[in-house]
Amino acid sequence: MRMRTIEISVGGFMLAGVLALLVLALKVSGLSLDSSNKTYTVSAMFDNTGALKPRAKVVMAGVIIGRVTNIELDRHTYMAKVEMEINSKIDNLPLDSTASIVTAGLLGEKYVGVSIGGEVDYIKNGGRFEDTQSAVILEELIGKFLLGSVNKDDQ
Amino acid sequence: MTGLSERLAQLGRFGLEHVQSIGRSGVFLFLAIFSRAGFSNRFSLLTHQLYSIGVLSLLIVIMSGLFIGMVLALQGYNILIRYGSEGAVGQMVALSLLREMGPVVTGLLFAGRAGSALTAEIGLMKTTEQLSSLEMIGVDPLKRIIAPRFWAGVIAMPLLAAIFSLVGILGAAMVGIDWLGIYEGSFWSSMQSSVRLVNDIGNGMIKSLVFGFVVTWISVYQGYDAVPTSEGVSRATTRTVVYSSMAILGLDFILTAVMFGDL
């Protein structure tokens with residue numbers, strides 16, 4: 001009888017541990033079971049990526065449609081080449097869509113915002129955003145602002 | 001001159017003793033893991049050990065997890081509210097629990113609660129010559145006593161760490177959402193958008209598995225290697241807790257550097 005209680009409680013313990021892992025996986029990491037959705041790769045060249053990091057999200061109209069996979073410097077143009085994978089359900093981005101690096105809030109993370117263009121043809125797998133807008137560097141803005149106000153005082 | 005050579009000999013003896021002890025514990029571990037247990041009741045032996053190591057540790061793990069989660073939420077809220085980003089409390093709590101606090105604190109509690117008990121039990125068995133009696137009747141104490149305890153520790157530790165993290169996150173949700181009034185949606189969504197299954201949960205589980213392995217190894221070895229007197233057992237128990245805690249914290253740094261260092 002005593003052995004039986006021990007067995008039951010051990011079984012309960014193992015089950016609780018596995019369940020805890022499952023809940024962590026599903027609820028906390030936001031893993032949905034159909035996460036095997038397909039993506040396609042698109043790249044974009046930026047003058048300055050600011051502090052964009054791999055795994056940053058790619059957003060259109062406030063909806064996440066993909067994420068950044070790789071950022072590297074192009075040796076020839078000295079520009080940053082940002083590769084991102086886009087959900088293949090969104091396969092109708094016009095060729096002249098604009099990719100810009102924006103910041104969520106004042107202190108928030110950087111992400112890539114896509115605004116829609118007007119072309120009839122769509123960007124394909126391995127394609128590239130021709131039109132890009134670099135990150136706004138807050139320090140540069142502050143610098144310009146300070147410099148401007150100092151000059152005004154001098155006059 | 002003799003004084004110098006005596007010193008040198010002391011140093012040598014010290015080094016040899018320690019290397020010997022490491023070697024002994026390695027051989028000991030190898031024998032405990034890879035010996036085929038010939039007992040028909042080996043699962044009931046394992047079940048018994050899982051009960052005393054895992055189930056009986058549940059209470060302290062759940063209580064600590066709950067309070068640590070609640071405290072993390074409170075502290076994070078106090079700082080993040082200044083920047084108006086109190087929704088990030090969920091992310092902060094989940095990441096710190098899954099990556100660090102879960103495995104490390106569970107490991108420390110495990111060493112204190114289960115590891116010391118293992119050492120004391122095995123050390124006392126040695127002191128009262130139960131281990132030698134087992135050998136006398138032709139039962140290998142490594143298989144009968146050590147192996148089930150070792151495996152029970154290795155199995156129980158990741159489960160305990162998972163329960164700890166989950167309870168901590170639930171505690172944080174309780175304090176953050178119900179008490180401090182963080183918006184529920186941003187609490188969970190900031191958590192879900194930042195926690196990765198393999199990078200965070202998986203690596204946390206690997207950490208807890210490693211800690212479980214090391215802590216149980218240290219515990220059973222210290223018990224088995226204890227000087228068979230009451231003082232020796234008490235020393236061995238102390239050593240278990242000290243060595244386990246140091247091993248957990250040191251290994252945690254190394255594992256973190258390997259897992260998250262290049263981010």
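Of the 155 residues of chain A, 19% count as buried, a residue being buried if 20 or more other C-beta atoms lie within 10 Å of its own, exposed if 12 or fewer, and partly exposed in between, with C-beta atoms placed from the backbone. The structure is a predicted model, in which local features need pLDDT of at least 70, side-chain atom pairs count only at pLDDT 80 or more, and totals for chains, interfaces and linings use all residues. Residues are numbered from 1 along each chain as its sequence is written, while chains are lettered from A and ligands numbered from 1 in the order in which they are written.

The predictor assigns the complex an ipTM of 0.73 and a pTM of 0.72. In terms of pLDDT, the predictor's confidence in each residue on a scale from 0 to 100, chain A averages 81, with 88% of the residues scoring at least 70. Chain B averages 89, and 97% of its residues score at least 70. Where pLDDT is low, predicted coordinates should not be read in detail.

Chain A comprises two helices and eight strands, where helices (H or I, at least four residues) and strands (E, at least two) are DSSP runs numbered from the N terminus. The order of these elements from the N terminus on is α-β-β-β-β-β-β-β-β-α. Strands are taken to pair if DSSP finds at least two bridges between them. Strand β6 (residues 110-115) of chain A runs antiparallel to strand β5 (residues 98-103) of chain A, to which six bridges join it; in this pairing V102(A) stands opposite Y111(A). Strand β2 (residues 57-60) of chain A is parallel to β6(A) and is joined to it by two bridges, with V59(A) opposite G113(A). Of the contacts in chain A with a separation of 6 or more, 63% are between residues 24 or more positions apart; contact requires C-beta atoms, placed from the backbone, to lie within 7 Å.

In chain B, helix packing was examined for α6(B) (residues 141-179). The axes of α6(B) and helix α8 (residues 197-224) of chain B come within 8 Å and cross at roughly 145°; axes are lines fitted to C-alpha atoms, for helices over the stretch in contact, and angles run from 0 to 180 degrees between N-to-C directions. The crossing is right-handed, a term that applies if the near helix is turned clockwise from the far one by less than a right angle, anticlockwise being left-handed. Contributors to the contact include F150(B) and M157(B) of α6(B), and L209(B) and F213(B) of α8(B). The residues of this contact divide into 15 nonpolar, six polar and one charged; Ala, Val, Leu, Ile, Met, Phe, Trp, Tyr, Cys and Pro count as nonpolar, Asp, Glu, Lys and Arg as charged, and the others, Gly among them, as polar. Helix α4 (residues 89-127) of chain B also packs against α6(B), at an angle of about 145° with the axes 8 Å apart. This crossing, too, is right-handed, and its contact has 19 nonpolar, seven polar and one charged residues.

V242(B) lies in helix α9 (residues 230-260) of chain B and counts as exposed because it has 12 C-beta neighbours inside 10 Å. V242(B) and G112(B) are 130 residues apart in sequence, yet 9.3 Å apart in space, C-alpha to C-alpha.

Between the chains, 19 residues of chain A are in contact with 24 residues of chain B. The side of chain A that touches chain B has 14 nonpolar, four polar and one charged residues.

Technical notes:
Contact = placed C-beta atoms within 7 Å.
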